[in-house]
Amino acid sequence: MKVIGVDVGGTFTDVILVCTETGAQYVHKVPSTPQSQDIAVTKGVTEILETHHVNPQDVGLVVHGTTVATNAMLERKGAKVALLTTEGLEDVLEIGRQNRKDIYSLHATRAEPLVAREDRFGVSERLDSEGNVVLELNDSTIESVISKVVKRRPDSVAISLLFSFRNQDHEKKLLRALSPSDLYVVASSEVLPEFREFERTSTTVLEAYLGPLVIGYLRRLDSSLSKICPKSRLTVMQSNGGTMLASQVRGKAIGLALSGLAGGVIGGWEFAKQWKVPRAITIDMGGTSCDISAILGSVIVRPDNEVGGLPLRMPSVDVKTIGAGGGSIAWIDNAGVLHVGPQSAGAQPGPASYGKGGKDATVTDANLVLGRLNPEYFLGGNVRLNLKKAQNSVSELASMLGLSLEETALGIVRISTANMVQAIREVTVERGTDPRGFVLIPFGGAGPTQAIDIAEDLAINQILVPPHPGITSALGLVCTDLRVDLMKTVLMSAQKKNRESLLSTYTILAEEAEKRLASQGASKENIRFKWNLDMRYKGQSHELSIDIPKDDHDKIVEKSISRFERVHEDSFGYKMSDRDIEWVTARIVAESTSGQFKPLKHSVNQIAQPIGRRAVLIEAGSKVSADVYRRWELATGQVVKGPSIVEQLDTTTYVSPGWVATQEKDGVLWMRREKK
Amino acid sequence: MIQDPITFEVIKNALISNSREMSQALRRTAFSPNIKERRDCSCALFDGDGRLVAQSKDIPVHLGALPMSVRSCIKDLSNSLVEGTMALVNDPYSGGSHLPDLTMVAPVYSEGRRVAFTANRAHHADIGGISPGSMPGLSTSIHEEGIIIKPRIVVEDDVLQQDAIADILTSTRTPDERLGDLSAQMAANHVGAKRLGEVAQTHGWPALLRTFTELRNYSTTRMKQALLQYHGQETSFTDMLDSDGAGGWEIPISIDLEITPKGVRVDFGGTSEQVSGNVNCPIASTLSSVYYVFISLFGRDIPVNEGCWSVIEVDVPEGSLLNPRYPAAVSAGNVETSQRIVDVTLGALAKIVPDLVPAASQGTMNNLTIGGLDLRTGKSFSFYETIGGGAGASKGNSGASGIHTHMTNTLNTPIESLETEYPLRVRKYSIRRGTGGSGQWQGGDGITREIEILADKCTISIQSERRNLRPWGFNGGQGGELGRNMLIYDGRVHSIEAKSSVVAPRGAIVRIETPGGGGWGPPPSMKK
């Protein structure tokens, strides 16, 4: 079978085609079409089939990573939504949590609510904190509110009533009453059955806001792709790092909020898995931004996120995006301190060395000045870099700083590195893990050039460079598994008497997850489960998530408590002996492998000779001479000692002194710190 | 001069994220909704002399005032602050703000030398005193407001010492919650110290300590530069507090301000003497409010630390409203008077930088506390929250509605948390449309919040302002609507004073309507 992955980026849409039988991989790039992403997607698929003479009938699966939802959130271009809330609380969405973003801003602003006041309707009904009915929702109320809603001519309706996570009855009644309409209708007890009314309401509204757009897009794409590859199914990447059948996205559109970011993480993780690396950090560094993610045994999926100021309480891959790319601009503030980014020179005008009119020194310019990049061979020779222009831009900063050209270039790289290191700390240290001992997996056009700087700062000893760093995100799509995340708030004390109730919740969740995967074509014996339990001391309202492997379910009380206490003590320095411990939320993740991905075969036997030598600046005033290699010429098992430079079509890998790189038979380049 | 500008930037960011991690740990482990949901807490790092080095951006009134608490711990306890200890303080006359704000301070040691401090402040929902919540409407002495904690050691060998806090747990109506929150404060300092150690491991203590000093100098230089262009300008302004809850009305706060070559000199000479009610503002909170204004106007992109403030000289007569003598009542000073100090300082600066200064915001925090017996648990409860209102408009921007302004930035209590934890029910939570002052740019609207009492005989305490004197508009803009407090029972509406404590029966509804913000520029209809 042939599997196609299509990843839509800001500049290019990357297409990868793999043959599951032979492991053969083909790659293709077409310019993205931001106004309707499906145009480039369809074009890319058509072209890759033609170019490599692949029979469209052989394509069984197309996996798609899209930024349609993300862009709609950033640009506020979603559907017209009507919101039904408990009467008296129509403004919860607008007030938010009552705080402002920046405490020192005298013009406090916050994101405009996605639903205007006149489209928010109070419903006369009320539940108490246990879910008991305080005020019944009667039929005449339903009738009158629906007639008001319809008059506003919305595209979709969000229903979010107080305490609906305790009792869904009232929301269900409204859902049923609205079902004859052809509106896109969603209820908070289905979208996010969790406490805290603002977060639940805003997430439900977001589903209603994105749904019509995302569903429309996928329907259009599905229909044009089925004309090209009639036997193929279309799946989409979700924020949680798993795929789902495009035809089943209805009601779960919000799950695609970070669809376009997850592919890179999965791509990096695929190599971690092949090499049995349990702990890794993926760095996808492109021209303008850098996406960073930590992998701990598997991809980390966090319960919430934020896009364009809109809170998102949905499981999403823990990717941190910062404005640190090759095009990030270096600048000096009025007190003479050097900063790098977040502004970027982008592709137009680009770094000074592109010679397209850019005057600002960027990270790429600094790397060029340092000798790490080849002016004649950047991005496979497609972009010629002008060293003189890079030097001029950097020396302008140097004279303002009173430093040498070299010191300044090193400084730019150091600060850009520090920005990435800070982001890595946020996804590791701030979540309680120590990045030392992790493997760094750098990709994107700029990642491998600075990977060792990052590793040095974090005391990391091993770096895994994928075979084709530039297309790792698209590769991630074709390696992805079908995935379903389910959760249920249980809220009970961690005691023997509640054991059966907890276990039966898990059973119900597992059955539901299995059913959903099966309906997408998974076979039952291939489904893998992961069990988690959010726990806290009674009285706290934030939880620690504890792993509960299936084997521990017999002793779930003891195992969960001892594990919770250990994590609490590790994270916060203490545990409490006389407090009740609570089970709050049971979570289950079910995954099923969609297609077998075979690693590349890199079969070069003849030891490659350097194609040349280049002077590289390693510290102020100190230059070394580095051997320059071409990546595809390196023989399997060949060891390259730093200082060296390995060039390839889509990136440049810099091996600094004290490090050695080894080319492996699956195309991976391992860089390791030499023992002192 | 910064020796190594690159290491400087790297360490600066590490220290800020360090403080942020402290705040996260505090919230994640806290027990009371006021801390875990409303985030009424702040964290920061200090050098070995108790000077602020870096902070997380939490609650402005806490942040500017924290250093005085740290320094009073150093002064009172110096030698006993050994490794593994932490100190606790809330005394407004020893660098504190008001009694519910408990500050925990931990020394950080390197090779036997005390090199830094981590500290955090959290608002506890009850610390004793005459009314639940320790924010009484009508107190006239600090002794009515709760237990006074002078600097004392409460953690030894990294363990919270029960006997050192026994009197606190006896004074409060909610000892379990206090113990949980104190543990959370300990966790925050623990996380801060651990992380600081890691930064030191990467860069070495010498570089780290050098950066402490460089950061301070850097911020001083930049604040000075920002003010320099206004040098020689003088201005003054007066605004009033509505009341003190003890018979005092229209209490003036006056400021004289001069931009000097060294920075700025602020003089509160014409301000009222201290008053009998509880709006007296401890000196730490007074300074904090002034600092806030200068950072907001002139230092938005300058790292906040002691250096920012070294260019601000503040004179406050002792025995005045803004620097009261023991045993004046102070519980509303930190939350209400602080907001008026901001109004006054901004009002004065409006004459120097008219385009930067917004009209007055709601000018109050609308402090609401409700306490009584929760029949569901058989235990006492004490609920505290503050309510947002209208932000003042500024040139080019209408003010935001239903938002916390100036000296606070706490979140709301989620209704689903509030009703789960307390015998209360929220009946209404909405924006008070049309209450922002009109103008070329509109002031933000206030909030209406109604809470029904579901327990017998609860004590409701309110500390609020801008119930008599409207938040002012600027440059021809109209003032914001006044706030109002009322109790609705049996279909009748009873109005409640700005500062009050009342006992309410089951079924009563307390309704708070918060003020709107002032408008900026003449309203379109009034233009000629």
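Colleague: Which side chains of chain B and chain A meet in a salt bridge, for instance at Arg433(B)?

Modeller: The side chain of Arg433(B) forms a salt bridge with that of Asp91(A), at 3.0 Å from N to O, where a salt bridge is a side-chain nitrogen of Lys or Arg within 4 Å of a carboxyl oxygen of Asp or Glu. This is a predicted model, in which local features need pLDDT of at least 70 and side-chain atom pairs count only at pLDDT 80 or more, while totals for chains, interfaces and linings use all residues. Side-chain values use heavy atoms, with hydrogens and water left out, residues are numbered from 1 along each chain as its sequence is written, and chains are lettered from A in the order in which they are written.

Colleague: How many salt bridges are there across the interface of chain B and chain A?

Modeller: The rule finds 8 salt bridges across that interface.

Colleague: And how many residues are in contact?

Modeller: On chain B 86 residues are in contact with 69 residues of chain A, contact meaning heavy atoms within 4.5 Å. The area buried between the two chains is about 6400 Å², with carbon and sulfur atoms giving 51%; buried area is the accessible area (1.4 Å probe) that two parts lose on being put together, summed over both.

Colleague: Changing topic, what is the strand order in the open sheet of chain B?

Modeller: The order is E14-E15-E20-E17-E18, 5 strands with antiparallel pairing; strands (E, at least two residues) are DSSP runs numbered from the N terminus, and two of them pair if DSSP finds at least two bridges between them.

Colleague: Which are the edge strands?

Modeller: E14 and E18 (492–496) of chain B are the edge strands, each pairing on one side only.

Note on methods. Helix = DSSP H or I, 4+ residues; strand = E, 2+ residues; numbered from the N terminus.
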